[in-house]
Amino acid sequence: MLAARKQFFAISKRNFATATSEVPKVDQKFRVVVVGGGPGGLSVSSTISKLLGKNQVAVIEPSNKHYYQPLWTYVGGGLKDFNESVKPMAQVMPTNAEWIQDKVTSFDPDNNTVKLSDGQTVGYDYLVVAAGIQINWDNIKGLKEALGKDGVTSNYDADSVQKTYKFLQEFKGGNALFTFPTTPLKCPGAPTKITFLAEEVFRLNGVRNKTNVIYNHGGAKIFGVDHYGHVLQKLANERNIKTNFLHELVEINADNHQAVFKDNSKNGELKTFEYDFIHVAPPQGPPKFIKESKLADAAGWVDVNKDTLRHNKYKNVFALGDCSSLPTSKTAAAITGESGVVKHNLIADLQGKKVEQAAYDGYTSCPLIVGRDELILAEFSGYTGKPLETFPVDQRTISKTAQFLNKEVIPVIYWNGLLSGTWVGPTAVRKAFDIVRPKRD
């Protein structure tokens, strides 16, 4: 009997040691860990760290700069200075949050931890993933080597965007090519915006009659929401912008000034276009460390409920922004609404309150710049494809006022409202205008 009891305790001790060895050693632990120092991560961490106080919230972000990337279309079009789009990360990081300047390499949601590139393990009670999107430059042969040189540019790159307008000014005629990938991408209106801005530059510089403006688009139409897309396509036709759909860029041959496209309307037949200027919107996808984790859905995005933004399996995990599985356009405007939902539902959990969960309606916006003083303010739900317009006018109409709003006012709201956690989108403004809003089909 005594021998049996000793054997039992020996086995139990061994099993206990095995079980505990599987739990990772935690170097730091926080109530809430936010992955990403973009607009989504900073909006959530600003509000939550004010609520919880110091040493409770950590933001994991490797970059020492924060970019307001929606401004890069204006930079590429010669309408804004690049320096207006960037601030030191330390300047926008919430005062009460702990900034861990490192990269996440892996998630272990079963043990509520994340692993950093320096080997440290960070624990959490709640996790918010706002890690953005990964740009896959290498997916287009020759692009990385050609970028920023000899007329090859992209407004999706901090260095290259500063050369776009210079290349446009130097352009003397020939083929001006613009591309749109077949993958999801952040700010999906951006490739179209620079196409229209460049066409205007060519007109102003007196070289339009010597120029072929060609927009090779990987999708089936110029804009996903027909309410605005029909207007946009009509405008492209009027300005003699040649649109080729289902054309996917696969290679840049910089030595010969050639771009190779796969024509997906003709079983992937390869077509070669000569260029004198080319703006590339690169293929994009989920960050690798998310795609390879237990948090990912089949496509590699953080698998969250589209209404509550809570993970479908791990209920103490939320995600917002470009890295999430939400079926709406990946824009900063979408993040405003998403951040409000995450904060409402997360705060209820933190305070142990049983409240009705906030639900995201898919709101997003693509301010479609079609000229120096011209903008179509597209606002809609990515879930329904129907307009969710703020103002009591038909926002398909080209507007100087909307251009001023997007170019001068919204950046101020971004820096001072969204990043500080106080701006959660225009829903309240839209409701205030409802009493004077005309009914439309």
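**Aromatic rings and charges over them**

Trp 415 counts as buried because its relative accessibility is 13% (buried means under 20% relative accessible area, exposed over 50% and partly exposed in between, with a 1.4 Å probe and protein chains only). The model is predicted, so local features need pLDDT of at least 70 and side-chain atom pairs count only at pLDDT 80 or more, while totals for chains, interfaces and linings use all residues. Residues are numbered from 1 along each chain as its sequence is written, and side-chain values use heavy atoms, with hydrogens and water left out.

**Aromatic pairs**

- The whole structure holds 15 aromatic pairs (rings of Phe, Tyr and Trp, the last by its six-membered ring, with centres within 6.5 Å; planes under 30 degrees apart are stacked, over 60 edge-to-face and the rest tilted).
- Phe 178 and Phe 277 form a tilted pair, with 5.7 Å between centres and 50° between planes.
- This pair links distant parts of the chain, 99 residues apart: Phe 178 belongs to strand S11 (residues 174-180) and Phe 277 to strand S17 (residues 277-279) (strands are DSSP runs of E, at least two residues, numbered from the N terminus).
- Phe 178 and Phe 277 are both buried.
- Tyr 414 and Trp 415 are an edge-to-face pair, because their ring centres are 5.4 Å apart and their planes stand at 90°.
- Tyr 414 has 5% relative accessibility and therefore counts as buried.

**Cluster**

- One aromatic cluster is formed by Tyr 67, Trp 72 and Phe 82.

**Charges over rings**

- Lys 306 sits over the face of Tyr 383, 4.3 Å from the ring centre (NZ of Lys or CZ of Arg within 6 Å of the ring centre and within 35 degrees of the ring normal).
- Lys 330 lies over the face of Trp 301, at 4.1 Å from the ring centre.

Methods:
Helices (H or I, at least four residues) and strands (E, at least two) are DSSP runs, numbered from the N terminus.
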